[in-house]
Amino acid sequence: MLEAAADATWETLVRERVFEPLGMEDAGFGDPDAARGHNHDGTPRAPGEGRAWPAAMDPVRAVHASLEDMARLGRALLPGSGFLEPETLGRIRAPLPPGERSDARPGFIIVALAEGPMLFAESGVDDWSALLWVMLDRDVAAFAACNQGGSIAGTATHKAMNEVVSGGD
């Protein structure tokens with residue numbers, strides 16, 4: 001729908017409206033050139049090997065970015081960064097009942113926490129696990145990633161993220 005309205009591909013729109021303005025020079029689509037994901041047992045995977053989701057079904061899973069680029073994205077999503085229009089930030093921040101999630105926000109799930117709303121994005125395929133959390137009222141963005149897939153890697157990534165945002169408590 002967005003591609004038809006803008007008369008551009010999803011990849012072009014993301015590149016022009018997100019990657020380029022934020023200086024995300026290492027971000028792209030498909031498997032990264034240098035880093036390799038790993039199977040659940042730790043063995044390396046060939047690029048594109050055994051993808052669980054075709055890109056057309058879930059294009060965000062086809063995006064790759066360096067840790068530095070993800071930090072740029074996290075900072076850009078914080079209030080006051082100027083990257084998001086005030087109206088867009090207002091829609092993202094619209095209150096939700098505690099514990100309720102919304103999948104209808106731009107690319108993120110919104111989780112209502114006692115500390116305030118959090119943008120939550122998770123991408124995990126068979127050979128990667130990545131989380132981006134943006135805590136709007138705390139002015140904190142955090143990113144964690146693991147180049148191994150599966151439930152053990154996903155659990156470890158979540159645990160690492162909880163340690164980071166809680167200050168190791």
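Mentor: Let us begin with the largest nonpolar core of this predicted model. The core has 16 residues, and Met24, Leu73, Leu77, Leu119, Leu132 and Val134 touch the most other members. At least two residues of this core come from each of helix H2 (10-22), helix H3 (67-76) and strand S6 (128-135).

Trainee: What makes a set of residues a nonpolar core?

Mentor: The members must be buried residues of the nonpolar kinds, joined through side-chain atoms within 4.5 Å. Another core, of eleven residues, lies apart from it, and includes Met135, Ala142, Met161 and Val165.

Trainee: Why is threonine 157 called buried?

Mentor: Its relative accessible area is 4%, and buried means under 20%; therefore threonine 157 qualifies as buried. This residue is found in helix H5 (residues 151-166).

Trainee: Which residues does threonine 157 touch, not counting those up to four places away in sequence?

Mentor: They are Ser129, Leu131, Ala144, Ala145 and Cys146. Contact here requires heavy atoms within 4.5 Å, so each of these residues meets that limit with threonine 157.

Trainee: What share of the protein's residues is buried?

Mentor: Of the 169 residues, 34% are buried. The protein exposes about 10,000 Å², and 55% of that area is supplied by carbon and sulfur atoms.

Trainee: How many helices and strands does the protein have?

Mentor: There are five helices and seven strands.

Technical notes:
Residues are numbered from 1 along each chain as its sequence is written. This is a predicted model: local features need pLDDT of at least 70, side-chain atom pairs count only at pLDDT 80 or more; totals for chains, interfaces and linings use all residues. Side-chain values use heavy atoms; hydrogens and water are left out. Helices (H or I, at least four residues) and strands (E, at least two) are DSSP runs, numbered from the N terminus. Buried means under 20% relative accessible area, exposed over 50%, partly exposed in between (1.4 Å probe, protein chains only). Accessible areas come from the Shrake-Rupley method with a 1.4 Å probe; for residues, only the protein chains shown count as cover.
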